[in-house]
Amino acid sequence: MISIHQLYKTYHRGTESVEAVSGIDLEIIKGEFMVILGPSGGGKSTLLNLIGGIDHPTAGTITMNGFALDTASEESLTRFRRDHIGFVFQFYNLLSSLNAVENVSMPLMAKGIAFKQAKAKAVQILTRIGLENRLHHRPSELSGGEQQRVAIARSIISEPELILADEPTGDLDSLNAQAIIALMHELNKQMGLTFVVATHNLRLAENADRVIELRDGKIQPNHIDKTK
Amino acid sequence: MEKFNPTTLTKLSDVFRFVIKDLISDGWRSLLTIISLAVVVVGYLLLASLAQAFVILTRQAQVTNNLLIVSANTIDPMDSSLGDAVLQTAMEITPDQIQHAFPIIFRHLTIDGRIMQVRAVPLEEMPTALALTLIQGYWPDGPRQVVVSEGAAQQASWKIGSIVNIYGTNFLVTGLVRSTENAFGSLWMTYTEGQDLFGTSHGFQVGCLVLVSTANPESVRLKLLADPRISADYSVYLENVFTNDYNQSNTNLLILSGLMVLVSLLAITFGIYNATSLSLTERSFEIGTLRVIGFPLSKLRGFLFARALVLTLAAYSLGWLVSFIFINHQRTQASVDLIFLTLRLTAYSSFFGLGLAVLFAFLGVWLTSGRLAGLNPLNGSK
């Protein structure tokens, strides 16, 4: 599904160069739950940004279902993300002026679907993940766990093939973190969604199909692979 | 090329729904933006009304065959002083071109607390003097009678039958008149009454030469000025040129008003630019997030245009309401010297102003395009 070949990303800060991702080769299989572990600054978020077409690589190729993310224009990457990729962030990234239903409806509205139809689907998804009593609450009126569940609902509403989650439990207490982990695994199993999750949380890795460790921008050899 | 798909067009009602929600969530800041833009709109509407009043005021005077003689180097006719001899001389220079001549006494006076023009002409010349037309009542047919211009009657609330005290003497208003310079507040009496009232020591101020219909006014004027008996002490104008010279300062005010209208519209542009720029800076994170989840720049730009449109419409409505109340409640009449300018908020200037305000507001949004394009998805990926 995703093929990454000799991927590099170098940042320049003044005269200093930092190689955040350094020669990564990786294949991501449709329907798998992959966890990327590693210390802060190891390149996890950078790799996720490159896979999601949010950032451009310095060198190397990334293709998803034949679409070359490394050479695509900004606007075609936007359309590609809209149609194929869902995102979950550590700090939820919900729009503060909108309620839960409206936040979840956004990806469908980006596709040009009228709010009325988008809202119906958003209500359905929020109900499915247990937020039927929080539909019209704004982010400031929701707990961290609830906000992250809204963010997950937003990531799956347009039925993408891939969900990229960057530290999805990083801002949650252990109880809420456990619930979010369970929800992501449930969506992976029931909907067949592919998950790539960057995290420090080892509990996320427990039921993952594959765990890789990223250190200094390189994949370490001691990874776990249950897909084989 | 991507195939056209009608579903990629977000419904306008949805866009405005989210714009209004966004503005409401911004609370006081949205309100202050609307109020500050409304202040500019009030400025625009009042200036537009003033400019319109100047347009009416500076309308070209009707072209007549009359020539006017005044003392040399005179701008204000009141400064002129003529005697019968100059009219006689003019008749002698071009006897076959001038049908007849008559004197006009011209004064600026304070009447009922307002500065007015008082003019005295022979009764039989009133219809020909400066294309005067009787629109109500009758011409003076007895002693101590005057006709008044529409502007003066409106300003001073005079009607036919009103008694007006001029220079210590009471006069009866017998009619309302309109002339090509109807913006002037003027009262007209017979020449005999004028002489009785003001005396004869300063003669009269303007000599009016009525030409035969076949005469070329400019040729006659040049012929008169070629004669040293005229050119030494007098100036000769085509009647409309004289009026237009008098109105030149008003024309300058019209230009100034027009420039100030433009400045107020530019203020709308920069007001929207500032509001939009501030919004973009503060929401770079949210905009980045929207880019991450798939909103193309065109949709975000459309949202900003819709936001500017709502702000402008709200500000314009508020500004228009304030201007309407101010102009109509006060029945605003600006008096410049003895010229009355009636401010009116017309449908034309209101809608034209709205169109321009929206256009200039969109220009303000357009100026922020570069800043929006600079907000890439990485801003929302943190």
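Student: Which residues are buried in helix H3 of chain B, residues 84–93?

Tutor: In this predicted model, the buried residues of helix H3 of chain B are B:Val86, B:Leu87 and B:Ala90. They cover an arc of only 100° around the helix axis, which puts them on the same side of H3(B).

Student: And what is exposed on the other side of H3(B)?

Tutor: There one finds B:Asp84, B:Ala85, B:Gln88 and B:Glu92, which are exposed.

Student: What do the buried residues of H3(B) pack against?

Tutor: Their partners in chain B include four strands that can be listed by name, S1 (66–71), S2 (98–111), S9 (206–211) and S10 (234–238), and the helices H6 (217–226) and H7 (228–231) belong to the packing as well.

Student: Zooming out, how many helices and strands are there in chain B?

Tutor: Chain B has twelve helices and twelve strands. Of its 382 residues, 41% are buried, and among contacts with a separation of 6 or more, 82% are between residues 24 or more positions apart.

Student: Changing topic, how many residues does each chain bring to the contact between A and B?

Tutor: Chain B gives 24 residues and chain A gives 22 residues. On the side of chain B that touches chain A, the elements giving two or more residues are helix H1 (12–26), helix H9 (284–292) and helix H10 (297–330), with H1(B) supplying the largest share, five residues.

Student: What classes of residue make up that side of chain B?

Tutor: By class, the side of chain B that touches chain A holds eight nonpolar, eight polar and eight charged residues.

Student: Which residues are buried in helix H2 of chain A?

Tutor: In H2(A), which spans residues 74–84, the buried ones are A:Leu77, A:Thr78, A:Arg81 and A:Arg82. Seen down the axis of H2(A), these residues fall within an arc of 140°, so they line one face of the helix. They pack against strand S6 (85–88) and helix H3 (100–110) of chain A, and also against H9 of chain B.

Student: What confidence scores come with the model?

Tutor: The model scores ipTM 0.89 and pTM 0.68, while chain B averages a pLDDT of 82, with 84% of the residues scoring at least 70.

Student: Where in chain B is the pLDDT below 50?

Tutor: That is the case over residues 1–8 of chain B, a stretch that has four contacts in the model beyond near neighbours in sequence. Where pLDDT is low, the predicted coordinates should not be read in detail.

Definitions and conventions. Residues are numbered from 1 along each chain as its sequence is written. Chains are lettered from A and ligands numbered from 1 in the order in which they are written. This is a predicted model: local features need pLDDT of at least 70, side-chain atom pairs count only at pLDDT 80 or more; totals for chains, interfaces and linings use all residues. A residue is buried if 20 or more other C-beta atoms lie within 10 Å of its own, exposed if 12 or fewer, and partly exposed in between; C-beta atoms are placed from the backbone. Two residues are in contact if their C-beta atoms, placed from the backbone, lie within 7 Å. Ala, Val, Leu, Ile, Met, Phe, Trp, Tyr, Cys and Pro count as nonpolar, Asp, Glu, Lys and Arg as charged, and the others, Gly among them, as polar. pLDDT is the predictor's confidence in each residue, from 0 to 100. The arc is that of the directions from the helix axis to the C-beta atoms.
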